[in-house]
Structure formats: structure tokens, C-alpha cells
Amino acid sequence: MTKVLLINGSANKNGCTNRALTEVAKTLAEEGIESEIFQIGANPIRDCIGCMQCAKTLKNNTCVFGDDIVNSLIEKAKDCDGFVFGTPVYYAHPSGRILSLLDRVFYAGSRVFKHKPAFAVASARRAGTTASLDVLNKYFTIAQMPIASSSYWNMVHGNAPEHVEQDLEGLQTMRNGARNLAWLIKCIELGKQHGVDAPKNESGTRTNFIR
């Protein structure tokens, strides 16, 4: 069964970001795709400290800090075919919680995301959304993930879920993005069935520009 994992980067389980993700999930279901919303919750999430110990555990796709949700997210991602990453906007950037999560998830487990499509979602009362989407999309491009787009910026506006209900264009954008994500997933699966596999790209070269 094709499955998409939707990550809610807000500590508020039932807030505006969740409302946007539920609209995506509903549309994915209409496209015949199962989905699950992964709540990062309000418990502490360690920041990445650049210890590079994940390089030693790379075969297991795990971070050495196992006392939070990072490794459980990586484990869930192994069995998923696509992803939606949603974040509220704080001071014109994604939540610090989702950034701490993604820094470690993509350092330690980028291989389980590679060549799987992703869709970024931002929720704001007013502004800062495009800057936040730009940050999330950079994780996808470095992990070689195709990016699903929509019919406008992937954002909803409101200070409470009931305000998001009034953002008809925002909800429409969520639905169109979900359809595009479903289409990408189906195209990739059809390609595999006809012998079109993901490219085997080069790795290992790291150039330092400061001498």
C-alpha cells in the first residue's frame, strides 16, 4: 500500500498546521494513498551538535542520541513513499523544533528519503511563509527528493484552525499540492514497473573553499 508520512512541525497538535495537513491527508485518501500525521509534540528535541557520529551508524540510519523522536521518524520513513513537512512560522522561519528534528533526521537518515517526493507546507498568521518554505525545500533538494508543487505558495493563513477554514485559497492549495504529490508517487512507481530506476549518483567528493 502506498503511504505518505505527514510531519506536523508544531507543538500544537490541533493547530493551524495540523488543519493544513488534514486537508492534504483527505485529498491523498481520495487519490487512493494512505497517510499518517506524525506529531512531533511538545517534548524536547535535541539540536544537532555536529558530532558526525551518525556517519558511524549510517548503515542503521540512526542518530546516536536516541532519547527523542528522531530515530522513530527515520524508522517510519523507511516504509513511506512520499512526505509532507508542515511548519508554523516563527519570526519568518520554520519552528525551531522542526529544524532540530530535520537537521538530525537528514544527517542520520537521508538515505531513507532519497528519491522520494516531498511537499512543504507553512502556516502563519500573516507573513514569513515563503522564507519558511525555502528552508524546508532545501532539505529536500540536498536529499535528492523530487519536490511537489501546487497552484500557489504552499501556505495557509490564520491564528486558529477556524481562521484557516476561511482561507479557501490556502485549502485549495493544499488539495492541489496533495494531488501533485500523489501523481509524482504514482509516476515513480509506474517507472519502476517499467525498468526506470532511480539514478545512481556520485558521492564522496567534498570540496573546501577556505584554505
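**Reading the pocket and the fold**

Trainee: Which helix gives the most to the lining of the largest pocket?

Mentor: That's α3, with four residues. Helices here are DSSP runs of H or I, at least four residues, and strands are E runs of at least two, numbered from the N terminus. Keep in mind that this is a predicted model, where local features need pLDDT of at least 70, side-chain atom pairs count only at pLDDT 80 or more, and totals for chains, interfaces and linings use all residues. Residues are numbered from 1 along each chain as its sequence is written, and side-chain values use heavy atoms, leaving out hydrogens and water.

Trainee: How many residues line the largest pocket, and which lie nearest its centre?

Mentor: There are 22 lining residues, with F106, Y107, S110, I142 and R206 nearest the centre. On a 1 Å grid over the protein atoms alone, a pocket is an open set of points where a 1.4 Å probe fits, with protein on both sides within 12 Å along at least five of seven lines; lining residues have an atom within 4 Å of a point. Both α3 (96-109) and α4 (129-142) supply at least two lining residues.

Trainee: And what is the secondary structure of the protein chain?

Mentor: Six helices and six strands, in the order β-α-β-α-β-β-α-β-α-β-α-α along the sequence. The C-alpha trace spans about 50 × 45 × 35 Å along its principal axes.

Trainee: What share of the residues is buried?

Mentor: Buried means under 20% relative accessible area (1.4 Å probe, protein chains only), and 45% of the 211 residues qualify.

Technical notes:
Buried < 20%, exposed > 50% of the residue type's maximum accessible area, 1.4 Å probe, protein only.
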